[in-house]
Amino acid sequence: MSDPLDSASRPASPSRRGVLRAAAVVGGALSVPAGALSAGVTPAAAAPAATSATPPELPAGLPAYRTPYINWAGEITHAGLWACSPRTGQDIADLANWAHANGWRLRARGKAHNWSPLTITGPTESDQRVLLMDTTEHLTHMELTTPPAGAPGAVRAQTGVTLETLMAFLADHGLGVTNTPAPGELTLGGTLAIDAHGTSVPAVGETARPGHTYGTLSNLVLSLTAVVWDTARAEYVVRAFHRGSDEECEALATHIGRGLVVEAVLQAGEEIPLRCRSRIDLTADELFAAPGSALAARGNTFADFLDRSGRVEAIWFAFTDKPWLKVWSLSPERPATARTVYHPYNYPFSDSLPTPVARLAGRMLGEAAWYLAPEFGAAQYAVAATGLITTFATDLWGPSHNLQFYLRPTTLRETANGYAIMTRRADVQRVISEFAGYYGEQLKAWAAAGRFPVNGQVEIRVGGLDRPEESAAPGARPPLLSVVRPPVDHPEFDCAVWIDVLTQPTTPGAHEFYRDLERFLLRTFVGGYALTRVEWSKGWAYTDTAGWADQEVIGTTVPASYGRGQWSEAVGMLDRLDPHGVFGNTFTDQLVRV
């Protein structure tokens, strides 16, 4: 039987004029940096506000300076907050004691690649005592350390280092990890705070590899060094916690902004190169077909590819019928047809927008021409489909991190909701099919009414759960607030379908559409054959006008998805580590409570 990934991956002849225009300019058109089109983010918005306020006198000789804050999609911004750049963990402990004594709150600031208000909540904090701490200037040291039995390697890294730098360091020593997010410019501290994930489960016949996990990066933690309150000394101190012996480690491994980790020791496994093949010819109907249907019988469903390779992602542009399918597979030797890559970010056509596509985006944003969403989606598909061929990117091979990192900061910045739907491997296709069916019908219904709330894409990945048996730390438990912490009442669940829908932040009706989609997910995947949890870093808790605003979801639905006892354990532990709320903001005050 032939490998379906060796089938012709040329796109069907585009029929829309927007597609043809986009395809015509893909290789040599003048490009516009996509980051410049982030909704609402302008040079003026990013400039520090003029202020006559006296800078705070910080301890340890740390100078305070004004800095703007802009999150990934430009939805959470501030013209100028006081900030500093701590050099050591002790500097942060000194800052915490200063903040406690003077009524300030501290927020770690890495690369600000986040959607949810876990760092700051917005410009309303302008008159509040909030100090940003830039971890990326000094807290970037890395070194190999002695691994425990069961792991080929371990690395000690400060939390201001970026994932791209960390993974390259590991690769230089023959080590790697199974899962990373698509952007490499994320700090280690930020990714651990929200248990960042990639996309992988075991392929059929694949055996687990020592030192690796199919879960999130938080499941690699062996120990953490954090700034915490010492009751006996009545002050904040720097303290190390070891997974499996110190219960606090599991709370800090995914602290969602209610802690401050200075350093982490992570396990690592043997580095094995990956092959990544792309297809852009399969229809969404076939890829997301219902189990048992005639389309599913063709053998080209998402679950079919998952069984063959274990590592799959679908990017489905709005109002198009053929997703961009990426399939990674373990490949110690380079296949004859694959092109070797020597660095990350191997899809240059997605790093910036060709001029016609940028003009469409500009019209949507500048002229409120949201009815162009179908043409914009078709143009994005054409850019991807043609770009894959013209850049020889349909079949790539190289070090794993070079193929896992593919999203640059210059890409088009959109808002995104995010959910993980835990289920059995046997039910993955059912979950994806039911989501895709609902999403597609809703998009059509809204368009028929002259409304276009989505102009970006759907992204679907599947990853493992944070299973303690994949940790080399004896006695390890899953991170307490990991989105993919295995639910105790569903031991049969062994994976999670990660889903997010992207659109421009100012798109009319987006919040309402997201609200309806969230309610569908929460009522459909409620704990029978699947269970929905929110993805901490993305958008959720929608009303018809705002995200992170539905108090029932924040206060009841989210804790219930973990189990009240488990949620209370995590919240109680984080409160004991920081009883004065120095590490937090008004949103985490609402969220991280019993």
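Which residues touch the most other members of the largest nonpolar core? Keep that in mind while you get oriented.

**Before you click**

This is a predicted model, in which local features need pLDDT of at least 70, side-chain atom pairs count only at pLDDT 80 or more, and totals for chains, interfaces and linings use all residues. Residues are numbered from 1 along each chain as its sequence is written, and side-chain values use heavy atoms, with hydrogens and water left out.

**Whole chain**

Show the protein chain as a cartoon. It has 16 helices and 22 strands. These are DSSP runs numbered from the N terminus: helices are H or I with at least four residues, strands are E with at least two.

Next, look at the overall dimensions. The C-alpha atoms fill a box of roughly 70 × 55 × 45 Å along the principal axes.

Buried residues make up 61% of the 594. Buried means under 20% relative accessible area, exposed over 50%, and partly exposed in between (1.4 Å probe, protein chains only).

**The largest core**

Select F288, F302, F435, Y439, W536, W540 and L591. Of the 115 residues in the largest nonpolar core, these touch the most other members. The largest share of this core, nine residues, comes from helix α12 (residues 428–448). A nonpolar core is a set of buried Ala, Val, Leu, Ile, Met, Phe, Trp, Tyr and Cys residues joined through side-chain atoms within 4.5 Å. In soluble globular proteins, nonpolar side chains tend to be buried together.

Zoom in on F302. Leaving out residues up to four places away in sequence, its partners include L287, F288, V312, Q429, I432 and R461. Contact here means heavy atoms within 4.5 Å.

Now select I315, F317, V341 and A385. They are among the 32 residues of a second, separate core.

**T191**

Go to helix α5 (residues 188–193), where T191 lies. T191 counts as buried, because its relative accessibility is 2%. It touches L163, L186, A196, L217 and S218, not counting residues up to four places away in sequence.

Most residues other than glycine have a negative phi.

Select I256, in the loop between α6 (247–252) and β11 (261–270). Its phi is near 40 degrees. Is I256 buried or exposed? I256 is buried, with a relative accessible area of 0%.

Move to F392, in the loop between α10 (373–390) and β17 (395–398). Phi of F392 is near 55 degrees. F392 counts as exposed, at 61% relative accessibility.

**Last stop: S331**

Select S331, in the loop between β14 (324–330) and β15 (339–340). S331 is buried, with a relative accessible area of 9%. Setting aside residues up to four places away in sequence, S331 touches I272, P273, L274, R275 and W397. Finally, draw a C-alpha to C-alpha distance from S331 to V582: they are 47 Å apart in space and 251 residues apart in sequence.
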